[in-house]
Amino acid sequence: MPESDPWEYTLSVPNDLRAVTVCRRTLRLILTMHGLIRLVDTAELVAAELVSNSVRHTAGPAALRVRWSAGVLRVGAWDADPVPPGPPERWERLGEEVEDGRGLALVRACADVWGWQPLCRDGSRGKYVWCDLVAA
């Protein structure tokens, strides 16, 4: 499959911290098979942070979603909790020992753009937190 052809994968995971490792390894395999090895390290880092947040801060299942289109890799995590991520100011407090919130600051620093959106499907509610990595 040429690198320019769009594709998408979704990996559903249980609410278990071991799912983070499964997602990282699966993502590495997907990107390697699609000839996108140059994005692996950054994509693994942001995926681990997003999935980790989903399984740490919610009680239900989660999913890793990876999409390639027009030279942009979108990495995102879905979870069943509709509560949005905290405000960006909280993640950037310098000089403070913050126990949480650093993961999304890392995503923000590594990604070209990031965001979140509420989701509602078949009576289920949740959110999707995503980031884009431009391959250029």
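Let's start where two helices meet: in helix 1, V20, C23, R24, L27, R28, L31 and T32 touch V40, D41, A43, E44, A47, A48, V51, S52 and V55 of helix 2. Sorted by class, this contact between helix 1 and helix 2 holds 10 nonpolar, 2 polar and 4 charged residues. Keep in mind as you look around that this is a predicted model.

Now for the geometry of that pair. Helix 1 covers residues 18–33 and helix 2 covers residues 40–56; their axes come within 9 Å and cross at roughly 150 degrees. Angles over 145 degrees count as roughly antiparallel, so helix 1 is roughly antiparallel to helix 2. The crossing of helix 1 past helix 2 is right-handed.

Helix 2 has another partner to visit. Its axis and that of helix 4, which spans residues 102–110, come within 9 Å and cross at roughly 150 degrees. Helix 2 is therefore roughly antiparallel to helix 4. Here helix 2 passes helix 4 in a left-handed crossing. On the helix 2 side, the contact uses T42, L45, V46, E49, L50 and N53, while helix 4 brings G103, L104, L106, V107 and C110. By class, the residues where helix 2 meets helix 4 comprise 7 nonpolar, 3 polar and 1 charged.

Finally, turn to the aromatic rings. What lies over the face of W130? That is R74, at 3.7 Å from the ring centre.

Note on methods: Residues are numbered from 1 along each chain as its sequence is written. This is a predicted model: local features need pLDDT of at least 70, side-chain atom pairs count only at pLDDT 80 or more; totals for chains, interfaces and linings use all residues. Side-chain values use heavy atoms; hydrogens and water are left out. Axes are lines fitted to C-alpha atoms, for helices over the stretch in contact, and angles run from 0 to 180 degrees between N-to-C directions. Helices (H or I, at least four residues) and strands (E, at least two) are DSSP runs, numbered from the N terminus. Angles under 35 degrees count as roughly parallel, over 145 as roughly antiparallel, 65 to 115 as roughly perpendicular and the rest as oblique. A crossing is left-handed if the near helix is turned anticlockwise from the far one by less than a right angle, and right-handed if clockwise. Contact means heavy atoms within 4.5 Å. Ala, Val, Leu, Ile, Met, Phe, Trp, Tyr, Cys and Pro count as nonpolar, Asp, Glu, Lys and Arg as charged, and the others, Gly among them, as polar. A charge sits over a ring if NZ of Lys or CZ of Arg is within 6 Å of the ring centre and within 35 degrees of the ring normal.
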